[in-house]
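Hi everyone, thanks for making time today. Let me put the structure up on the screen, and then we can walk through a few places together.

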Amino acid sequence: MERSINKATIYHSLVLSLIIIQLLSLIVPVNLTLLNAVLAIGVSILGIQSLSRSFQVATLIFFIAGLGLLSTTGLSINGLAMAITSMADIVVLLVVMQLFLIPVTIGNYQATVEAFMQKHIRGPKQTFTFVMIVTHLLSSILSMGTVAIVLSILGDSIKRQVKDATRFSATAVTRGFTLGTLWAPGAATIFLISTVTKVG
């Protein structure tokens, strides 16, 4: 009897392991780079399968270019491990940002927002503007974590007011998030760079 391997479960476990290792590296004076690299390879292999064809090609080109660059300086195991884990901090940061969904869910903000929208927001135009403004304001504070929170809070309300809710949400959130970079990228950018480079 063959056992079916759930790739999604393995993928999520690897990402969780990356987060735990990042947290441990703050308090344990042990070099966990090699373990981090092994987990990052697993995340890359399983994660690339969920990308569209064009993004897969772009990612592979990025990897090949990186290997080419590394080959000019010599391919040591430690150098390869450091290169592999160089982007792991960003993956961890994105996952941690999504933890903001926990207080949002517990606080039941969705019901309050839905009541507000039913009372004050009418039609697709007003809904689009409202979703875009909320996304725009939150993106200046939470950066990429905004997307999950906005869709969690406003998702059901949008479905009730708009026919093609998925496309509508994608467009409104994209525009609101992109506009956020026009005036308030500073705090999020500095925080991201500080986290990745570990420079205060």
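Let's start with Leu24, which sits in helix α1, residues 7-27. Helices here are DSSP runs of H or I with at least four residues, numbered from the N terminus. Before going on, please keep in mind that this is a predicted model, where local features need pLDDT of at least 70, side-chain atom pairs count only at pLDDT 80 or more, and totals for chains, interfaces and linings use all residues. Residues are numbered from 1 along each chain as its sequence is written, and side-chain values use heavy atoms, with hydrogens and water left out.

Now, on to Asn36, in helix α2, residues 33-48. Asn36 is buried, with 8% relative accessibility. Which residues does Asn36 contact, leaving aside neighbours within four places in sequence? They are Leu18, Ile21, Gln22 and Thr85, where contact means heavy atoms within 4.5 Å.

Next, charges. Side chains of opposite charge can pair when their charged atoms come close. How many salt bridges does a search of the whole structure find? The search finds 1, counting a side-chain nitrogen of Lys or Arg within 4 Å of a carboxyl oxygen of Asp or Glu. The side chains of Arg160 and Glu114 form a salt bridge, at 2.7 Å from N to O. Arg160 is in helix α9, residues 145-161, and Glu114 is in helix α7, so the pair ties together parts 46 residues apart in sequence. Arg160 is exposed, at 55%, whereas Glu114 is buried, at 15%.

Last stop: Ala115, also in helix α7, residues 109-120. Ala115 is partly exposed, at 45%. Its C-alpha atom is 8.9 Å from that of Ser157, 42 residues apart along the chain.

How values were computed
Helix = DSSP H or I, 4+ residues; strand = E, 2+ residues; numbered from the N terminus. Buried < 20%, exposed > 50% of the residue type's maximum accessible area, 1.4 Å probe, protein only.
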